[in-house]
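Open the model in your viewer and keep the selection panel at hand. The stops below go from confidence to backbone, then to rings and a pocket.

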Amino acid sequence: MRLILVPSAYYHNYQNLPERLSEKYRELNFQNHCYLRIALDNFFQSKWDTKIQRPAYRNLSKVELNKVIQLLKSYYDNKKMLLDHNKNSLYFRGKL
């Protein structure tokens, strides 16, 4: 059974972190949804929407959400991981 997130948890964690990443890594020219794509794809080790229905924030379990948020937090301090995970995501999507 999937849990639906409360709006404050969605905004403060799931949405706020990609915004902060966009501000920190302006040179990458990623939009906030790019960070979500990267984290979700790497969590699921696949194009994420082949594993859960859209929108992800409504269909992630609490455990899944926490792990995706951990990845987003890791990207804030580890640009190399972010770039490596972006390559993984593009590979999962057949773009590499």
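In which helices of the protein is confidence lowest and highest? The lowest is H1, at a mean of 81, and the highest is helix H5 (residues 79-92), at 98. Here pLDDT is the predictor's confidence in each residue, from 0 to 100, and helices are DSSP runs (H or I, at least four residues) numbered from the N terminus. The protein has a mean pLDDT of 90, with 89% of its residues at 70 or more. This is a predicted model, in which local features need pLDDT of at least 70 and side-chain atom pairs count only at pLDDT 80 or more, while totals for chains, interfaces and linings use all residues. Residues are numbered from 1 along each chain as its sequence is written, and side-chain values use heavy atoms, with hydrogens and water left out.

Select asparagine 29, in the loop between H1 and H2. Its phi is positive, about 55°, although it is not a glycine. Asparagine 29 is exposed, at 69% relative accessibility (buried means under 20% relative accessible area, exposed over 50%, partly exposed in between; 1.4 Å probe, protein chains only).

Move to the loop between H2 and H3 and pick glutamine 45. Glutamine 45 also has a positive phi of about 55° without being a glycine, and it is exposed at 51%. Proline 55 is in the loop between H2 and H3; the peptide bond that reaches it from arginine 54 is cis, with omega near -10°. Most residues other than glycine have a negative phi, and most peptide bonds are trans.

Next, show phenylalanine 43 and phenylalanine 44. Their rings form an edge-to-face pair, 4.8 Å centre to centre with 80° between the planes (rings of Phe, Tyr and Trp, the last by its six-membered ring, pair if their centres lie within 6.5 Å; planes under 30 degrees apart are stacked, over 60 edge-to-face, the rest tilted). Phenylalanine 43 is partly exposed at 25%, whereas phenylalanine 44 is buried at 15%.

Select tyrosine 76. Arginine 20 lies over its face, 4.7 Å from the ring centre, and the charged end of lysine 24 sits over the ring of tyrosine 76, 4.2 Å from the centre (NZ of Lys or CZ of Arg within 6 Å of the ring centre and within 35 degrees of the ring normal).

Last, display Tyr14, Leu36, Leu40, Trp48 and Arg54. Of the 11 residues lining the largest pocket, these are the closest to its centre (a pocket is an open set of points on a 1 Å grid over the protein atoms alone, where a 1.4 Å probe fits, with protein on both sides within 12 Å along at least five of seven lines; lining residues have an atom within 4 Å of a point). H2 gives the most to this lining, with 4 residues.

Note on methods:
Helix = DSSP H or I, 4+ residues; strand = E, 2+ residues; numbered from the N terminus.
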